[in-house]
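Have the sequence and the model open side by side.

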Amino acid sequence: WIRRGKLLGLACALPGILGLRVPLRAPANLNLRGGSVLMSSASDQAAPVEKFRKDYAPTPYAISEIELDFSLHDGETAESRATTVTSRLHVSRRPGADAGASLDLDGEDLELVSLAVDGVELTPGGGAYAVEGDVLSIDSSALPAGEAPFVLESVVRLAPAANLQLSGLYKSGGMFCTQCEAEGFRRITYYYDRPDVMATFSRVRLEAGKESYPVLLSNGNRLEHGDCGGGRHFAVWEDPYPKPSYLFALVAGDLGKVSGTFQTASGRQVELNVYSEKENVDQCDHALASLIKSMQWDEERFGLEYDLSLYNIVAVNDFNMGAMENKGLNIFNTALTLAKPSTATDDNYERIESVIGHSCLQQWLRLRDGLFLAP
């Protein structure tokens with residue numbers, strides 16, 4: 001029951017683990033059962049870069065915590081960069097790192113609006129930083145000396161509706177959603193977008209129009225929500241456990257859901273939700289039942305008690321994988337979530353149950369086992 005996409009990912013990861021050459025290229029056309037087609041060609045993709053295990057080195061700076069603030073907007077056109085993302089990275093130089101090392105962060109198709117260190121804005125063109133290709137490089141002279149911690153704040157603009165790669169933050173139908181594996185987070189904000197950099201996403205604030213996007217979801221537990229005036233509302237999320245950037249997730253849309261609860265072995269009540277377009281809600285019951293079975297099996301077989309108060313699954317039509325095990329917010333292709341007796345076969349039901357079981361357990365493995373941290 002291993003999904004084709006995940007099997008391909010494992011096949012790609014193993015040569016790198018063994019120290020072999022790993023030139024990666026997406027297939028030219030990938031037909032997705034959820035109703036979309038992922039197109040790629042040599043003309044719209046940069047040549048793949050070979051990465052070798054022997055060349056691995058820790059980053060000169062460590063990021064312990066990240067805060068994100070999303071102001072989600074629909075622009076006048078798909079190309080309008082109407083959405084803004086503010087990130088606050090809690091950074092420090094690693095002990096023993098070169099004192100003159102620059103802070104080089106990944107970023108792709110981002111419009112940089114502002115950049116500040118500990119509240120002091122860096123002036124463009126003054127030598128403090130430069131954007132070269134897909135890298136934001138901040139000179140060490142603009143950063144605190146020694147190993148003193150500091151906060152790097154950046155503001156960028158995005159055009160999710162024009163993002164046809166289905167990587168990073170994009171629009172699927174009427175909703176905003178994300179796919180950050182393997183290197184999609186760099187299309188959201190500047191960051192060390194690599195799986196060995198583990199940070200706590202301590203505060204993720206989402207703001208959007210209340211009528212078009214009444215549901216605002218991210219990883220972890222929801223801390224607060226409310227109105228902001230002008231027909232907009234917000235939700236604040238916290239994921240208390242460190243994770244790599246490729247496990248970040250966000251969904252905003254006008255969705256329906258089926259809900260349930262699961263009582264853990266220690267007696268905690270976990271709220272469970274399976275979201276989809278409202279017209280498909282009658283096909284979510286089997287996914288919810290499968291999730292409950294999976295959580296129970298993880299406890300009984302491995303002693304893994306779910307450690308958040310919420311577990312959300314969202315079914316998305318335009319999704320370039322079968323499923324993605326983002327902690328607390330799994331995003332699935334509709335083909336692996338929706339089923340009802342009048343339209344689905346026994347094989348469909350079995351496949352949905354097995355994939356949800358796989359994804360439920362995979363959340364633990366991706367955070368705790370180095371093998372699963374390879375994109």
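Helices (H or I, at least four residues) and strands (E, at least two) are DSSP runs, numbered from the N terminus. This is a predicted model: local features need pLDDT of at least 70, side-chain atom pairs count only at pLDDT 80 or more, and totals for chains, interfaces and linings use all residues. Residues are numbered from 1 along each chain as its sequence is written, and side-chain values use heavy atoms, with hydrogens and water left out.

Start with the sheet. Strands of a sheet pair through backbone hydrogen bonds, either parallel or antiparallel. Here, two strands pair if DSSP finds at least two bridges between them. An open sheet of eight strands runs in the order β7-β6-β10-β4-β3-β13-β16-β15, and its pairing is mixed. Its edge strands are β7 (120-121) and β15 (221-229), each of which pairs on one side only.

Look at β3 next. Strand β3 (residues 61-71) pairs with strand β4 (residues 83-93) in the antiparallel sense, over ten bridges. Leucine 68 has serine 87 in β4 as its bridge partner. β3 also pairs with β13; these two run parallel and are joined by seven bridges. There, phenylalanine 70 has leucine 206 of β13 as its bridge partner.

Strand β6 (residues 111-117) and β7 run antiparallel, joined by two bridges. Valine 117 has valine 120 in β7 as its bridge partner. Aspartate 118 is in the loop between β6 and β7, and glycine 119 lies in that loop too. How exposed are they? Accessibility is sorted by relative accessible area: buried means under 20%, exposed over 50%, and partly exposed in between (1.4 Å probe, protein chains only). Aspartate 118 is partly exposed, at 46%. Glycine 119 counts as exposed, at 73%. The C-alpha atom of glycine 119 is separated by 8.2 Å from that of leucine 152, although the two residues are 33 apart along the chain.

Most residues other than glycine have a negative phi, and most peptide bonds are trans. Aspartate 118 is not a glycine, yet it has a positive phi of about 50 degrees. Leucine 166 is another non-glycine residue with a positive phi, of about 55 degrees. Leucine 166 lies in the loop between β10 (150-158) and β11 (168-172). Is leucine 166 buried or exposed? Leucine 166 is buried, with a relative accessible area of 10%. The peptide bond from glutamate 181 to alanine 182 is cis, with omega near 5 degrees. Alanine 182 is in the loop between β12 (175-179) and β13 (199-209).

Move on to β19. Six of the eight residues of strand β19 (residues 269-276) are buried, so the strand is largely enclosed by the rest of the structure. Strand β18 (residues 256-263) runs antiparallel to β19, and eight bridges join them. Glycine 256 stands opposite serine 276 in β19. The hairpin of β18 and β19 has five residues between the strands, and glycine 267 in this hairpin takes a positive phi near 95 degrees. β19 also pairs in the parallel sense with strand β20 (residues 310-316), over five bridges. Leucine 272 has tyrosine 311 in β20 as its bridge partner. The chain gets from β19 to β20 through α2, and this β-α-β crossover is left-handed. A crossover is right-handed if, with the strands pointing away from the viewer, the path from the first strand over the helix to the second runs clockwise.

Follow α2 itself. The expected span of a helix is 1.5 Å times one less than its number of residues. The 18 residues of α2 should therefore span 26 Å, and its end C-alpha atoms are 26 Å apart, which agrees. Buried residues in α2 include His286, Leu291, Met295 and Asp298. Just after α2, glycine 303 takes a positive phi of about 70 degrees.

Finish at the cavity. On a 1 Å grid over the protein atoms alone, a cavity is a set of points where a 1.4 Å probe fits but cannot get out; lining residues have an atom within 4 Å of a point. Grid points are joined across faces, edges and corners, and a volume is the space filled by probe spheres set on the points. A search of the whole structure finds one cavity of 30 Å³ or more. The largest cavity has a volume of about 40 Å³. Its lining includes Met295, Asp298, Tyr306 and Trp364. α2 (285-302) and α3 (346-368) each supply at least two residues of this lining.

Key
On a 1 Å grid over the protein atoms alone, a cavity is a set of points where a 1.4 Å probe fits but cannot get out, and a pocket is an open set with protein on both sides within 12 Å along at least five of seven lines; lining residues have an atom within 4 Å of a point.
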